[in-house]
Amino acid sequence: MAELMAILLFVSICVALMAGFPVAFTLAGVSLLFAGIGVLTGTFDPGYLSALPNRLFGIMNNQTMLAVPLFVFMGVMLERSRVAEDLLESMSRLFGTLRGGLAISVCVVGALLAASTGIVGATVVTMGLLALPTMLRRGYDPAISTGTLAATGTLGQIIPPSIVLVLLGDVMSSAYQQAQLKMGIFSPKTVSVGDLFVGALLPGLLLVGLYIAYIIAVAIFQPKKLPALPQEELGPIEWGKLGKALIPPLILIGAVLGSILAGYATPTEAAALGAVGAMLLAFSKGKLNFGQLKEVAYGTTEISAMVFMILIGASLFSLVFRGFGGEVLIEDVFAQLPGGVLGAFFLVMVVIFLLGFILDFIEITFVVVPIVGPVLLAMGLDPIWLGVMIALNLQTSFLTPPFGFALFYLRGVTPASIPTSTIYKGVVPFILIQILLLVIAYIFPGLITWLPEQVYGK
């Protein structure tokens, strides 16, 4: 009976989320409702809820999670500083005379913005407003244009510093410690956000390369879909202006990621450095004033409050799910799967991919990963490899219809003459590319684990 309640709890939360109810209050409300039913039916021990105050205090006292508002502040400040506009204009002049040059420019700028802002909505909307009209006017295929913009806008979820990796790192750290305690290791090792940042760097860059390779292939075999622009329309390449647009973001990226890679700063400290750097960059462009700072602070507070409320709701869900014996149920299911640990891993990855069609990455991170993470890690999977593989999988949730957030953002800035089906068609090749990267990272795990071994000796 208790295990049935655990299954019903998970299904009920998924149904409520699909119905559009707020995530944080759905997680907390449905969990409390089931806990009450469990107490009345004798299937739930209310003692589990006594751990909630300690959980909440732990969330508020978590230094790692402090990186979330700092990285959000950095991203919002850079988005308001028109960094994307300057980069896109300069890169378009550099690559525009090539077939598919505008799309390649979008990929390069998207990667730079991913490493500096990491906010999908801001990147997709900004790039859509700046690049899409030009791409359509010059005869670019609407499906490829919208697909490129949506896909590159999601790069911020895998190229560090990434909010997804910060949240996932905290969840994976807890899951890894639980797994080791179950294995009888009472001095557990840890996995940090910095480990995931370093592990995700090479796969993130490879993903950008695969996007560009796809665009080049289309330009070669279907040149009419990606025509070149005449140099007269683009104007001469202004190397000074290109350097002015490119160097400040690169310095900021180098300072943030470099300080983490070199071991001089934790991700939280690097996030603070990035926030100050973003303010200096905005000041140098004449975009920093009290009104701007107020807007950025409001935006940061709104996003951060949402994330922490979801985290609190997820903690309550985790306690109730465990109280119903859900964790034991998951372990039993995984143990009976054919293929052992590999069968369990593939099942989890398929489930996460399918849930990405209907749920947001935050919901999957806080609902699914705490349930399956400890079990998979107890089976012997490398925590950094597993964390980055889940992050790569979660990235597809931004592109998979009907609830892909990048699709929503892009639809808002796309002309009405382009149907939604065209946007869906355009993202399919990029979803397949992301799946291809997952396969590559599975076959060659060193793509993820090699750099952390070199940097941290892990």
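**Exercise 1.** In this predicted model, state how many residues the largest nonpolar core has and which have the most contacts inside it.

*Solution.* The largest nonpolar core has 157 residues. Those with the most contacts inside it are Leu-9, Phe-71, Leu-167 and Ile-390. Helix 10 supplies the largest share of this core, 14 residues. For Leu-167, set aside the neighbours within four places in sequence; the contacts are then Met-65, Val-68, Val-307, Phe-361, Ile-362, Thr-365 and Phe-366.

**Exercise 2.** Classify the packing of helix 8 and helix 10 as roughly parallel or roughly antiparallel.

*Solution.* Helix 8 spans residues 142–153 and helix 10 spans residues 193–221. Their axes lie 12 Å apart, at an angle of about 170 degrees. Angles over 145 degrees count as roughly antiparallel, and the two helices are therefore roughly antiparallel to each other. On the helix 8 side the contact involves Ile-144, Thr-148, Ala-151 and Thr-152; on the helix 10 side, Tyr-211, Tyr-214, Ile-215 and Val-218. The residues of this contact divide into six nonpolar, two polar and no charged.

**Exercise 3.** Describe the aromatic pairs of Tyr-442 with Phe-346 and with Trp-385.

*Solution.* The structure holds ten aromatic pairs. Phe-346 and Tyr-442 form a tilted one, 5.1 Å centre to centre with 55 degrees between the planes. Phe-346 is in helix 16 and Tyr-442 in helix 21, 96 residues apart. For Trp-385 and Tyr-442, the ring centres are 6.3 Å apart and the planes at 45 degrees, so this pair is tilted. Trp-385 lies in helix 19, so the pair ties together parts that are 57 residues apart in sequence. By relative accessibility, Trp-385 counts as buried at 7%, Tyr-442 as partly exposed at 28%, and Phe-346 as partly exposed at 42%. Ring pairs link Phe-345, Phe-346, Trp-385 and Tyr-442 into a cluster.

Terms used
Residues numbered from 1 in each chain as written. Predicted model: local features only at pLDDT ≥ 70, side-chain atom pairs only at ≥ 80, totals over all residues. Heavy atoms only, no water. Axes fitted to C-alpha atoms, helices over the stretch in contact; angles between N-to-C directions. Helix = DSSP H or I, 4+ residues; strand = E, 2+ residues; numbered from the N terminus. Parallel < 35°, antiparallel > 145°, perpendicular 65-115°, else oblique. Contact = heavy atoms within 4.5 Å. Nonpolar A, V, L, I, M, F, W, Y, C, P; charged D, E, K, R; others polar. Core = buried A, V, L, I, M, F, W, Y, C linked by side-chain atoms within 4.5 Å. Buried < 20%, exposed > 50% of the residue type's maximum accessible area, 1.4 Å probe, protein only. Phe/Tyr/Trp six-rings, centres within 6.5 Å; stacked < 30°, edge-to-face > 60°.
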